[in-house]
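Reader: Please take a close look at the local covalent and backbone geometry of this model. I would like one connected account, with the criteria behind each term stated.

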Amino acid sequence: RVPMGPLSLLLALSLLSPWGSAGGSCPLRCVCASNLLSCSQANLSTVPAPLPRFTAVLDLSHNNVTRLRADWAPARLPHLHALLLSHNGLAFVSTEAFTHVPRLRHLDLSSNRLRTLDENLFSDLGELEVLLLYNNEITTVDRTAFENLGRLRKLYLGQNRIARFPLELLREGTRLPQLALLDLSANRLRAVPAGELQALPAWLRDRLYLHNNPLACDCLLFQLLDRGRRRHLSAVEDFQDELRCFLPGASALTKILDLAGKQPLNCSKAREAVLEAHLGDTVTLGCDSRWQGVRSRHWVTPVGDRVLGDGDNGSVVLLANGSLQLRALRPEDGGTYSCWVAGPLLNETLYVELLVHNFTLHGPHDTLNTAYTTLVGCILSVVLVLIYLYLTPCRCCCCRGTEKPPAPRDDSINSSVLSTTPNHAGGTREPCGSHIASGAGTGQNGRFKGGGTPPPPARQGPKAQRKVSDPDSVSSVFSDTPIVV
């Protein structure tokens with residue numbers, strides 16, 4: 001018995017397949033097995049015809065098919081789900097080339113000479129899931145080239161000459177809603193919107209490949225990749241050495257993940273998943289898992305309570321997308337929340353730290369107003385004290401005209417001991433009509449002691465009943481205190 005090789009086995013199966021070699025339905029220089037058609041390395045310059053209607057897999061790789069026209073499949077191929085055209089030197093693809101293959105799910109155009117991806121090039125492939133375009137000469141990507149690819153999951157564009165990719169296709173989330181892998185490695189990208197990429201879901205950032213690009217060093221880019229390394233995202237963790245950038249004025253590339261504290265940028269590591277809020281706010285904590293097909297997830301509060309649904313009075317709500325919404329925040333709501341995710345392969349735990357400031361959203365302005373009011377109050381208090389000390393009318397010498405005579409002095413112990421300034425006689429002007437008594441002498445402790453002053457003559461009217469101040473009263477004790485006006 002002669003052992004049967006792979007090619008012989010394939011030929012034997014082809015005899016039993018619906019193609020039927022006797023019927024001549026399998027194209028020349030191709031190998032057919034059931035609904036599989038392999039024409040690889042057959043030195044073909046055009047797509048063989050006719051192609052049977054029930055073809056499901058068509059392999060045309062490693063040939064010389066340089067142009068894919070609209071008539072390469074003149075009849076509709078409703079069962080074709082995989083088309084392989086790699087290594088053909090393909091330089092042109094018609095925008096109508098895929099009109100007759102609407103069920104295509106896998107398209108391999110890698111290792112060719114494509115230079116542009118024109119408008120609506122793949123718009124007829126509504127069920128396409130995998131598109132391989134790596135190792136071409138692509139420089140321009142039209143933002144509508146991937147229009148209507150609602151089921152696309154993997155897009156390989158590595159090893160091209162792309163200087164700008166329309167990343168807004170990812171940001172909007174409606175163009176490529178199921179995209180889980182985007183390979184832009186080994187291109188000519190000099191800048192990427194790191195802030196917008198950080199807002200992408202973690203399951204997409206886990207498969208966003210940017211290595212081997214001449215990127216400009218930027219702290220936002222460093223923080224994006226540093227978060228990915230701490231999260232063990234494969235696109236970062238597996239290609240740390242290939243993630244390099246150019247520093248300003250430098251000729252050699254620098255590892256992006258080595259920019260922490262390095263001059264001249266001196267990038268700082270960013271804290272991950274730290275959210276700040278105020279009293280009474282409503283916040284949403286996202287469970288940013290890198291697993292796309294999550295089976296289940298739940299949250300655990302800082303006090304260890306498991307959140308399965310609405311909390312007390314509806315203040316804690318578990319949303320349908322797995323996020324946790326906190327309403328009417330209180331100071332005790334602050335702390336570290338954990339999201340437990342059961343992924344398709346492994347489980348994952350995410351932590352979100354919530355800082356609740358002990359004032360409302362307008363708290364800083366209210367605090368400023370309170371401080372300002374306090375300052376103004378203090379200034380007014382000082383002004384009133386100064387007015388009281390320096391502008392209060394004098395009771396003894398600053399009388400108005402002759403209506404209020406000065407209080408008589410006495411030889412009491414209080415007036416002699418507590419008086420601080422001696423009375424000086426003389427001068428061209430006497431204060432407020434008061435006179436110095438002639439019987440002045442020296443009192444206790446050598447201080448000057450004025451003699452008694454006779455009471456003024458009686459006056460007519462209500463003021464005539466005003467009495468002379470008591471020499472032992474408090475006013476007489478402090479009457480000699482100097483007043484500065």
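Author: Pro50 is found in the loop between β2 (36-38) and β3 (57-59), where strands (E, at least two residues) and helices (H or I, at least four residues) are DSSP runs numbered from the N terminus. The peptide bond leading from Ala49 into Pro50 is cis, and its omega is near 0°. The model is a predicted one, in which local features need pLDDT of at least 70 and side-chain atom pairs count only at pLDDT 80 or more, while totals for chains, interfaces and linings use all residues. Residues are numbered from 1 along each chain as its sequence is written, and side-chain values use heavy atoms, with hydrogens and water left out.

Most peptide bonds are trans, and most residues other than glycine have a negative phi. Against that background, Asn135 has a positive phi of about 60° although it is not a glycine. Asn135 lies in the loop between β9 (130-132) and β10 (140-141). With a relative accessible area of 33%, Asn135 is partly exposed; buried means under 20% relative accessible area, exposed means over 50%, and partly exposed lies in between (1.4 Å probe, protein chains only). Gln159 also has a positive phi without being a glycine, at about 55°. Gln159 is placed in the loop between β11 (154-156) and α2 (168-172), and its relative accessible area of 47% makes Gln159 partly exposed.

The disulfides can be taken next. A search of the whole structure finds 5 disulfides, each a pair of cysteine sulfur atoms within 2.5 Å. Counting bonded cysteines along the chain, the pattern is 1-3, 2-4, 5-7, 6-8, 9-10.

One of these disulfides is formed by Cys30 and Cys39, whose sulfur atoms are 2.0 Å apart. The torsion about the S-S bond of Cys30 and Cys39 is about 110°, so this disulfide is right-handed. Cys30 is buried, as is Cys39.

Cys217 and Cys245 form another disulfide, with their sulfur atoms 2.0 Å apart. Because the torsion about the S-S bond of Cys217 and Cys245 is about 90°, this disulfide is right-handed. Cys217 lies in the loop between β14 (215-216) and α5 (219-230), and Cys245 in strand β15 (residues 244-246), so the pair ties together parts that are 28 residues apart in sequence. Both Cys217 and Cys245 are buried.

A further disulfide joins Cys219 to Cys267, at an S to S distance of 2.1 Å. The torsion about the S-S bond of Cys219 and Cys267 is about -90°, so the disulfide is left-handed. This pair links distant parts of the chain, 48 residues apart: Cys219 is in helix α5, and Cys267 is in the loop between β16 (253-255) and β17 (274-278). Cys219 is partly exposed at a relative accessible area of 23%, whereas Cys267, at 3%, counts as buried.

An open sheet of 3 strands has the order β18-β22-β21, with antiparallel pairing; two strands pair if DSSP finds at least two bridges between them. β18 (283-285) and β21 (316-318) stand at the edges, each with a single partner strand, so one side of each is left without a neighbour in the sheet. On average, neighbouring strands of this sheet are turned by 20° against each other, direction ignored; axes are lines fitted to C-alpha atoms, for helices over the stretch in contact, and angles run from 0 to 180 degrees between N-to-C directions. β21 and β22 (residues 324-326) pair in the antiparallel sense over 3 bridges, and the bridge partner of Leu318 in β22 is Leu324.
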